Amino acid sequence: MGVKTALYRIACFVAIVAAAGLCDAARAQMTGDTIKVGGRAASFLQPRLAGTVTAAIIYEPGNEASEREARVIERELASGAGADSLRFRPRRVASNALDELDGVRIAFVTRGTPYRQIAAATAPRSILTISSDSACARAAYCTMAVQSSPRIQIVVSRAAASAARIRFSSSFLMLVKEI
Amino acid sequence: MPGARLSPILRGSTSLPTFLAACSVLAAVAVPARAQGVNYAELEDLFGEPVTTSVTGKPQRASEAPASLVIITREDIRRSPAHDIPGLVQAYAGIDVARWMAGQADVAIRGGVRPYNPSLLVLVNGRQVYLDHYGMTNWAGLGVQLEEIQQIEVVMGPNSALFGFNAASGVVNIITIDPLQSQQVTASGGVGTEGQRFASGVAALKLADRLGLRLSGGYETAEEFGGLTASPAAPMDPATVFNPRSQEASAELYAKLGELTESSISLTHSDTDQTEISPVHITIPSHYRFTSAGARISHDAGWGVLSARLFHNWSRFLSASDPSVDFRNEVLVASADALIRAGATDTVRVGIEYRANEIVAEPGYPGATRYDVFAANAMWEKRLGDAATFTLAGRIDNLQLEQDGVVDQPTIFTKADFDRSITDWSFNSALLLQLDDNSSLRLSASRGIEAPSLAALGARLDIQIPGMPFSRVISGNPLIDPAKIWSAEVGLSRMLGESGTRLDLAAYFNHTTDIMALGAPQTAPRAAPPAYPFILSTADNVGSSEAYGLEASAAGRFGGNWHWSLNYTWTHSDLEVAGNSPALITRPLASDSATPEHNLKGQLTYERGPWLATVAARYTSPTEQLVTAPAVPFDVLELVPVAESLAVDAKLAFEAREGVTLAIAGENLTGADGAYLSPAPAERRLRATVRVDF
């Protein structure tokens, strides 16, 4: 086979590759859910968290969606979401009772809660805040935003982490999106 | 004095105890603060896909790595019918495995099938197990058992910018489990047809909160291929056919020195016997002894990771039939890297490496052929918004060669020829475009370097010819240059639907210059009577090659119980070697005809309860392989056909009780002669295994 023929074949292949990349085929739904991802991500804090730690679930009283999300998170945490070496003791905390965050290391922040007030309460306590709402992390109110579908994505807010004096392992940070 | 620049460790021919003491010092002087290495198992759990550091030195998700990459996980290994690492990697696109003999395998990436493949760098936890004397990998003596492997990372294409010389066609990095993260005690053993007997044991123990130990050992033997002596690959003397046998032991002690500092000290030894095809395509009985000691440490500085590594390999190659053959090779490598998070979108890595390498060869020149390599490397990764990532890495190597003994006759070289410096550079660059949440397009270019082996630089074989007043001399060449490999590639990765099906497509073009070939009895002499009282042929840079290829892979699962994979590879090589023609082959190179043009591979696994069944099939198109045929006055190199093949491997496993698994497996159940690309016909082999996890 001559060089021209080979190059022609490769050119055709590249065209197919490009076409395949642009076509909008059915999208994948990644396995795992947001809570499990958040729970596992918490094991990359430095100093490393291990054992059983208290995890707050911050919800907005009267907001049905927020309360429903809180119930789902509570159920998942109680059923063992987290890494092998890290387990959570869930504690529901209303957004109007943030003083109850004392002793908490991690807080799952439901949608519909007042992110700014939550950040003001969690940062001084060095609480890792995790949300499924990337806007919370982009606004530097939440330390981390997680997404599990269509593929697992983790966003870490440098400003929020710095404000809360939270550190992650460098290897972990090189695998996530820092903003 | 040239020798003054050489490693005092090698010049003193360091003993193993001395080197281990040095490793302990390295671990002890570690910064007593904070560091963390890569926790492969936890990161795979977190991201739902394996993580690698073998592409750029930075931790990356497999789907975001800027290179064609295969990562074989523990689950893949558990499902596979393969019983060794070459058997595992041969299931993937772009990878050819030649089992020349029952104990000798070679792995080739994107072409270049040949015995003693020098282009593929093989590592265990980043520590080189590639042997520098001939530039090859003895896959039977890596010192790793399948049960202790966390994952096998195969990087396709040159990666010299990270790993330096010899990562020319690709890299295989075998990652073992970390006993601080995963504990296990496993014993397995079994028997099979053709005299197969094997046993292995692995213990990964957490001795204390910050102290772990991994121990492993293995033994394996079998009969040589039954059809060898009647095949074109038969040795000149049938009495020199030895059954393969390997025994290996390995230990690694892991210690966390503070919250963020991790270190380990490792020791590996292997001893193998095998009949094998040499790089000049003569079938020989070989005995390898390999010992490796190493230490590594990493420290998380908050802004990045600092790491250092030191290892020393002692390898010995002996002939099982000729006690006068004894090649002793030592290599010492010390390296340090800083991986820096430079802001939210940039990552930078800078590193330095020192390598001292020597061979003392009998037969050969008196004294040692040595070289030192001083290298510096850097990598920059830039994230361009959410849709693109650009990576650029470069490395420069300076090699200083020396022959510290006497460059005596017969030769055409002088001691001054050995007093030589080689400086060369390599790079890897890639642009990764995220087309959507499920698709990425990769464009990459690279330049890799393949260094001359120590044998190609300084070995010498003086063959007395009965009835003739002069001898035939085959020697290395201190003036030989490294080969350079230019590569360009486009690749697409895409997740399809909700089934987790992954599609990978890649097209590449490789151009290699200054291809190196050893001298062979058939090689045109560079010196001959009457000017010289001998006929001498040398290793030389002999030509160039081009290779094109396409790779398409898909893998996924369905129904909860089924896993499947399917891939196709098209490879085309053009090789131009001075002195080789269809009518006459004088240089032992024929990787163009030796590499199959078409490969189609598939695997299907069904799991239910305690049962696991896997069937794997491989179609390989016909090839031609080099052999040495008897002739007068000198043997001749010739190509012999190896037929196309459809090989089927299978495995049936049953977990009889918790932790006790019984399995039967078979390779080449179809009995296809050409299944292993060897001129010796492949056999059907069956085996039964018991594995106990305590």
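Mentor: Let us begin with the word contact: two residues are in contact if their C-beta atoms, placed from the backbone, lie within 7 Å. Please keep in mind throughout that what you see is a predicted model.

With that term in hand, we can look at chain B, where, among the contacts between residues at least 6 apart in sequence, 66% join residues at least 24 apart. The chain contains nine helices and 36 strands, and its radius of gyration is 24 Å, close to the 26 Å that the globule rule gives for 694 residues, so chain B is as compact as a globular protein of that length. Taken along the principal axes, the box filled by the C-alpha atoms of chain B is roughly 75 × 55 × 45 Å, and 56% of the 694 residues count as buried.

Strand β18 covers residues 346-362 and strand β19 covers residues 369-384, and the two pair in the antiparallel sense over 14 bridges. To find one of these bridges in the picture, look for B:Asn357, whose bridge partner in β19(B) is B:Tyr371. The two strands form a hairpin with six residues between them, and in that turn B:Gly367 has a positive phi of about 90°.

The loop between β18 and β19 of chain B holds another residue for you to find, B:Pro363. The peptide bond that joins B:Glu362 and B:Pro363 is cis, with omega about 5°. As background, most peptide bonds are trans, and most residues other than glycine have a negative phi.

B:Tyr116, which is not a glycine, has a positive phi of about 55°, and its place is in the loop between β5 (105-109) and β6 (120-124) of chain B. B:Asn125 likewise has a positive phi of about 55° without being a glycine, and B:Asn125 lies in the loop between β6 and β7 (127-128) of chain B.

Their surroundings are classed by counting neighbours: a residue is buried if 20 or more other C-beta atoms lie within 10 Å of its own, exposed if 12 or fewer, and partly exposed in between. B:Tyr116 is buried because 22 other C-beta atoms lie within 10 Å, whereas B:Asn125 counts as partly exposed because it has 19 C-beta neighbours inside 10 Å.

One more loop residue of chain B brings us back to the idea of contact. B:Trp303 sits in the loop between β15 (283-300) and β16 (304-319) of chain B, and B:Trp303 is partly exposed, since 13 other C-beta atoms lie within 10 Å. If we leave aside its neighbours within four places in sequence, B:Trp303 is in contact with B:Ile340 and B:Arg341. B:Trp303 and B:Ile340 are 37 residues apart in sequence, yet their C-alpha atoms are 6.0 Å apart in space.

The peptide bond from A:Gln46 to A:Pro47 is cis, with omega near -5°, and A:Pro47 is found in the loop between β1 (45-46) and β2 of chain A. The mean pLDDT of chain A is 83, with 82% of its residues reaching 70 or more, but pLDDT stays under 50 over residues 16-32 of chain A. Where pLDDT is low, the predicted coordinates should not be read in detail.

Terms used:
Residues are numbered from 1 along each chain as its sequence is written. Chains are lettered from A and ligands numbered from 1 in the order in which they are written. This is a predicted model: local features need pLDDT of at least 70, side-chain atom pairs count only at pLDDT 80 or more; totals for chains, interfaces and linings use all residues. Helices (H or I, at least four residues) and strands (E, at least two) are DSSP runs, numbered from the N terminus. The radius of gyration is taken over C-alpha atoms; the globule rule is 2.2 Å times the number of residues to the power 0.38. pLDDT is the predictor's confidence in each residue, from 0 to 100. Two strands pair if DSSP finds at least two bridges between them.
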